[in-house]
Amino acid sequence: MSHTDQGTRVPPEPHPANGANGSVVLGHAEIQRALTRIAHEIVERNKGVADVVLLGIPSRGVPLARRLAERLATIEPAGAPVGSLDVTMYRDDLRSHPTRAIGRTDVPGTGIDGKVVVLVDDVLYSGRTIRAALDALSDLGRPRAVQLAALVDRGHRELPIRADFVGKNLPTAHTERVRVRLTETDGEDAVLIESGEGTR
Amino acid sequence: MKHLLSTADLSRADAVHVLDTAAEMAATQSREIKKLPTLRGRTVVNLFFEDSTRTRISFETAAKRLSADVINFSAKGSSVSKGESLKDTALTLQAMGADAVVCRHQASGAPHLLAHAGWLDAAVVNAGDGTHQHPTQALLDAFTLRRHLVGGAQGPTAGSGSDLAGLHVAVVGDVLHSRVARSNVSLLTTLGARVTLVAPPTLVPVGVEAWPCDVSYDFDGTLADGKPDAVMMLRVQRERMSGGGGFFPSPLEYSRAYGLDARRLATLPDHAIVMHPGPMNRGLEISADAADSPRAVIVEQVANGVAVRMAVLYLLLEGNR
């Protein structure tokens, strides 16, 4: 029962941004601006935030969802409830990775029935995480609509899934690795591209 | 780790990881839809050579909540009663494609043999073997202790990430025949708790001085001096007492000296909880007052057992090795 948290996303060990072979494509200011723009787009698309529920996908989608919620509250004082949705138990690739640790699912007290759920994740890649998230959502209730916000869309979709709100479209090669680091989890804000070792 | 055979095999990090996973599993069990797709297409065999109610149902519920297919096998009504060996039973399960075998056996070490004899590729979970180990029981006990006594919060994820450092647990009764006691002594001490075994001298096993715990023959003294945070009562296992007994003079005398009754319950610290792995002998090791008191968490232990077994099945069956 090893408990490594590896997967398509980033291992949690601290790692200096300018070290290794990564080049920084988004810094703190760009990340903040992208989130502010996404927050405005969410308000615009939904004509307010009345029924909006933000659900971050662990691990880094959760702090991103919280930051979006803070911005929504400055645009529309009513604000939107925020929670987290762990998709580990709905993944289709559990057997091809080391055992994944199960994250926290924390649905706001309002529930999701009849709401507009905005899923928040750091990197949109194959689309398989979002597929798992849609399955997880349907076990929790029946939202009126589901939208997707991603800080980075790096392409290479394997399923017919697209994001409604994107911080930055980042053309990448399959062999590259996109690493998102956030102050809440990693001590700094940065998006890096690393020329990968073929891992994903 | 491929099998779960003994709590002595678990490091502190392993054990905390199982408990944290169980906490997230428990959180899913308060939802309207309790079933998760995680083990879809996997087959879990409950191989029970010894009678059991809650452990078998608990494993069956856990596997079904994770969408695994469950096959229940009990020695009664099977070819074991015609004299089939453990090896041939294992080869049959292998041929049928079992992914996990949950084994309870009256012989200590039977699950270890199943896991290591090369008869099976499946993950083996020990669900109680003789007087040796019952690791999922100890894990659910640790989970229950953590939920009530660590972190100061309520709810399934209370105390997540923590161990049981600083807690004192009294384990009282038939230690000699108890695999629950053995599993708990190693797990709870791995997690940083202090364990005191309380039993009449006749029900303390030979070699207990090598265990990482204290031993007392005096229940009242332990309650007064040790101020335990939890009292875990063990069932007096009359079916294992060969020759019809002789371990104590009479049930009444046992109950007077080692039973948890209303008087002893009143001497416990305010936060202390009362546990029992079940099935209870009401009136022998535990009185109805104690069993039904608000501090008894005996029914909750059963609910937590499902979450812990979901966690164990998930951790053993998912992920490449």
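**View 1. Two domains of chain B, side by side.** The centres of domain 1 and domain 2 of chain B sit 25 Å apart, taken over C-alpha atoms. This is a predicted model, in which local features need pLDDT of at least 70 and side-chain atom pairs count only at pLDDT 80 or more, while totals for chains, interfaces and linings use all residues. Residues are numbered from 1 along each chain as its sequence is written, and chains are lettered from A and ligands numbered from 1 in the order in which they are written. Domain 1 of chain B covers 7–133 + 303–317, and domain 2 covers 135–300; such bounds come from an automatic or database domain assignment.

**View 2. Where the two domains of chain B touch.** Domain 1 of chain B brings 29 residues to the contact and domain 2 of chain B brings 24 residues. Here, two residues are in contact if their C-beta atoms, placed from the backbone, lie within 7 Å. On the domain 1 side, the elements giving two or more residues are α1 (12–28), β4 (123–129) and α11 (298–317) of chain B. Helices (H or I, at least four residues) and strands (E, at least two) are DSSP runs, numbered from the N terminus. The largest share of that side, 10 residues, is from α1(B). Sorted by class, the domain 1 side has 15 nonpolar, 9 polar and 5 charged residues. For that sorting, Ala, Val, Leu, Ile, Met, Phe, Trp, Tyr, Cys and Pro count as nonpolar, Asp, Glu, Lys and Arg as charged, and the others, Gly among them, as polar.

**View 3. Inside the largest nonpolar core.** A nonpolar core is a set of buried Ala, Val, Leu, Ile, Met, Phe, Trp, Tyr and Cys residues joined through C-beta atoms within 7 Å. The largest one here has 156 residues, and those with the most contacts inside it include A:L54, B:A100 and B:L313. The largest share of this core, 11 residues, comes from α11(B). Both domain 1 and domain 2 of chain B give this core at least three residues each. Zooming in on A:L54, and skipping its neighbours within four places in sequence, we find contacts with A:A65, A:L68, A:A69, A:A80, A:V82, A:V118 and A:V120.

**View 4. Two cis peptide bonds.** In chain A, the bond from A:P58 to A:S59 is cis, with omega near 5 degrees. A:S59 belongs to the loop between β2 (52–56) and α2 (61–75) of chain A. Over in chain B, the bond from B:G278 to B:P279 is cis too, with omega near -10 degrees. B:P279 sits in the loop between β9 (273–275) and α10 (288–291) of chain B.

**View 5. Positive phi in two chain A loops.** Neither residue here is glycine, yet phi is near 50 degrees at A:K47 and near 65 degrees at A:H156. A:K47 lies in the loop between α1 (28–46) and β2 of chain A, and A:H156 in the loop between β5 (145–153) and β6 (165–169) of chain A. A residue is buried if 20 or more other C-beta atoms (placed from the backbone) lie within 10 Å of its own, exposed if 12 or fewer, and partly exposed in between. A:K47 counts as exposed because it has 7 C-beta neighbours inside 10 Å; A:H156, with 14 other C-beta atoms within 10 Å, is partly exposed.

**View 6. A glycine in a chain B loop.** B:G97 is in the loop between α3 (86–95) and β3 (100–105) of chain B. B:G97 has 12 other C-beta atoms within 10 Å, so this glycine is exposed. B:G97 and B:D121 are 24 residues apart in sequence, and their C-alpha atoms are 8.8 Å apart in space.
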